[in-house]
Amino acid sequence: MFRGGRKLFVAFVLFSCLGVVSPANSIDISETEVKIGVLAKRGVQKTFEKWNATANFLSSSLPGHHFTIVPMLFDEVPKLVGSGSVDFVIVNSAIYIELLVNYRVRRIMTLMNRMSGLKHVTQFSSAVFSNINQSKINNFTDLVGKRIVAVHPTSLGGWIMALREFNEAGVDENDFESLTFLETHDAVVQAVLSGEADVGIVRSDKLERMNGEKKIEISLIHLVEPRKDDTFPFLHSTRLYPEWPIAKLDHTSDSLARSVVSALLNMRYDGLAATAANIQGWTIPEDYQPVHEILQRMSLSPYEEFGDISLLDVVKAYRYWLIAFSVGFIVLAFIGAHVLRLNRSLTHSQEALEKNQVILVEAKGEAESANRAKSEFLASMSHDLRTPLNAIMGFSDMMREKAFGPLGNSHYEEYAGDIHDSGTLLVSLINDILDLSKIEAGKYDLDEEPLNVSSLIQISFRQLAKMAEASNQTLHFNEPRDMPALQGDERAFIQILNKLVSNAIKFTPNDGEINVRCKVDENDSIVIDVEDTGHGMSESDITRVLMPFEQASGVHARRHEGSGLGLYLCVNLMNLFGGSLEISSKINYGTVVTIRFPENRTIQFS
């Protein structure tokens, strides 16, 4: 039986109790302690020996901070990261992807592995090897029926890379006589050389490192399916993937991360920190998409459920949703066909459209109670829904404007206007539903850029000017001086502002006023108020209007058409920005809606 993980854990506890976490055990209480979690791929003691010099280098480079190394066994990584017990991590690329997805860690640099002289590589591979006495094991297909040892199920170089190559060669892990994970690369190498296992899997460079440390004789190693690459000198059997990153945790400040990046870029290749870690230094982050792809291909964490979904699975999961939208598509197709023959059956088309509007309103209620998977399905249907409605609106607008001459009956012109207005309402409903579906499905991506807040507010006013003029209402904007830019998505920002201002116009009596104010508060957050002189709302109404498909009670609210999705969509869009939306109102005095963006989205002009 192979023993590795338990010994490593006991060693870690002993080192912690003895205070052997850094050569400098005394910490100035005025200094901020910064913990770097490092994957203990070769054991706790080796991790200290390799990385303590890096911690000392950072401590001396960043006054006021004391950096310490926290060795992490494979199974301890998610626990330490999830609890926020470390501030940075140095882990293999596969574990980094899992932490990125599950805990929002963010890579800041990539390790440069030392070769010889001033040469370095920023990629690594797996070495599949046997004892020289097992020289008949030359191909991956020869591994069938053999005793295999690897590092850990989450070790990229010590298992996952090789597993992909095995699978592509038609070999499955169930084809081995045995498969054992030994927690460290050293334990894997020793098990093969001692004859306890037939074949081992370690990351590239490990055999050369142990040979240089006089721990093994590399001539006793037989590499299985060796690969040749002039730019990569280490023994390897698989494709190359980006090297280990150093990543910041979500709670770690960006300013500290930038300081660490600056210090590591200035690390000398021949200095104590680089020499002890046997690296050339650190460089800008590599592209880790190949690691995403191998984990998705192998359905490994965090992509265990990644893969094809059968048609039967879709039908079972979304049968009610499919039925509802099938009915909707049939009705839309019916309406589209009748619009093309409007000169013969315009009245019937109008009735069908009204019926379809009822169906869509009912579908909205189902959409609100549906789960995230149903929202994903709805988001993919945007083109098929918008196309027939655009045709309906286009043809009805042509008839309303008499593009090809008189319609022959004044009622037809009225009907065409009704159809166009109903189609416009339907497009608005569908756009809101689709945007909400994308948000709930996690597919609404913000197109980030610096935004001129004042200019966008003026654009919104111009878009809504006719609506305000129809009620003889006045739009005011108190434009501040030296307003900073906002980092965000222009379309989402305009969408939020248009919905808030149009709501204020709709619920404000004739000759009323709508005031928009923006400022930067004491926390450097951009805050925008939309104030009207309308009828106002009660506390219960405020709670209601922030829910989907809900509107304020009272005779004034019922005078205005709408889906009840506007404010709910605004709340969700503000959540994407990381901000908030608040409403304060008093009956007969008006309403103020306040949107507040987080301070990290404020771009101060220099």
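A residue counts as exposed when its relative accessible area is over 50%, and as buried when that area is under 20%. Lys214 has a relative accessible area of 75%, so this residue is exposed. The structure described here is a predicted model. Lys214 is found in the loop between helix H7 (206-212) and strand E11. Its phi is near 65°, a positive value in a residue other than glycine.

The angle is about 75°, although Asn588 is not a glycine. This residue sits in the loop between strand E20 (580-586) and strand E21 (590-596). Its relative accessible area is 64%, so Asn588 is exposed.

Strand E11 also belongs to a sheet. Five strands form this open sheet, in the order E9-E8-E10-E7-E11. The pairing is mixed. Strand E9 (178-181) and strand E11 (221-223) stand at the edges. Each has a single partner strand, so one side of each lacks a neighbour in the sheet. On average, neighbouring strands of the sheet are turned by 30° against each other, direction ignored.

Strands of a sheet pair through backbone hydrogen bonds, either parallel or antiparallel. Strand E8 (residues 147-150) and strand E10 (residues 199-203) run parallel and are joined by two bridges. Helix H5 (residues 156-168) touches strand E7 (126-131), E8, E9 and E10. The direction of H5 makes about 120° with that of E10. Helix H6 (residues 185-193) touches E7, E8, E10 and E11. For H6, the angle with the direction of E10 is about 155°.

E8 also pairs with E9. These strands run parallel, and four bridges join them. Ile148 stands opposite Leu179 in E9. Together, E8, H5 and E9 make a right-handed β-α-β unit.

The structure holds nine aromatic pairs. One of them is formed by Trp51 and Trp282. The ring centres are 6.2 Å apart, the planes make 45°, and the pair is tilted. Trp51 lies in helix H2 (residues 44-61), whereas Trp282 lies in strand E14 (residues 279-283). The pair therefore ties together parts that are 231 residues apart in sequence. Trp51 has a relative accessibility of 4% and counts as buried. Trp282, at 3%, counts as buried too.

Phe140 and Phe166 form an aromatic pair that is edge-to-face. The centres lie 5.2 Å apart, with 70° between the planes. Phe140 lies in the loop between E7 and E8, and Phe166 in helix H5, so the pair ties together parts that are 26 residues apart in sequence. Both Phe140 and Phe166 are buried. With Phe176, these residues form one aromatic cluster.

Helix H4 (residues 93-103) has a set of buried residues. They are Ser93, Ala94, Ile95, Tyr96, Ile97, Glu98 and Leu99. At the start of H4, a side-chain oxygen of Asn92 comes to within 2.9 Å of the backbone nitrogen of Ala94. Just after H4, Arg104 takes a positive phi of about 60°.

A cis peptide bond joins Ser301 and Pro302, with omega about 10°. Pro302 is found in the loop between helix H10 (289-298) and helix H11 (311-340).

Another open sheet has three strands, in the order E15-E17-E22. The pairing is antiparallel. Strand E15 (448-451) and strand E22 (602-603) stand at the edges. Each has a single partner strand, so one side of each is left without a neighbour in the sheet. Strand E17 (residues 485-489) pairs with E22 over two bridges, in the antiparallel sense. Here Leu486 stands opposite Thr602 in E22.

Notes. Residues are numbered from 1 along each chain as its sequence is written. This is a predicted model: local features need pLDDT of at least 70, side-chain atom pairs count only at pLDDT 80 or more; totals for chains, interfaces and linings use all residues. Side-chain values use heavy atoms; hydrogens and water are left out. Two strands pair if DSSP finds at least two bridges between them. Axes are lines fitted to C-alpha atoms, for helices over the stretch in contact, and angles run from 0 to 180 degrees between N-to-C directions. Contact means heavy atoms within 4.5 Å. A crossover is right-handed if, with the strands pointing away from the viewer, the path from the first strand over the helix to the second runs clockwise. Buried means under 20% relative accessible area, exposed over 50%, partly exposed in between (1.4 Å probe, protein chains only). A polar contact is a pair of N or O atoms within 3.5 Å; within protein, one must be able to donate a hydrogen and the other to accept it, and residues adjacent in sequence count only if both atoms are side-chain atoms. Rings of Phe, Tyr and Trp (its six-membered ring) pair if their centres lie within 6.5 Å; planes under 30 degrees apart count as stacked, over 60 as edge-to-face and the rest as tilted.
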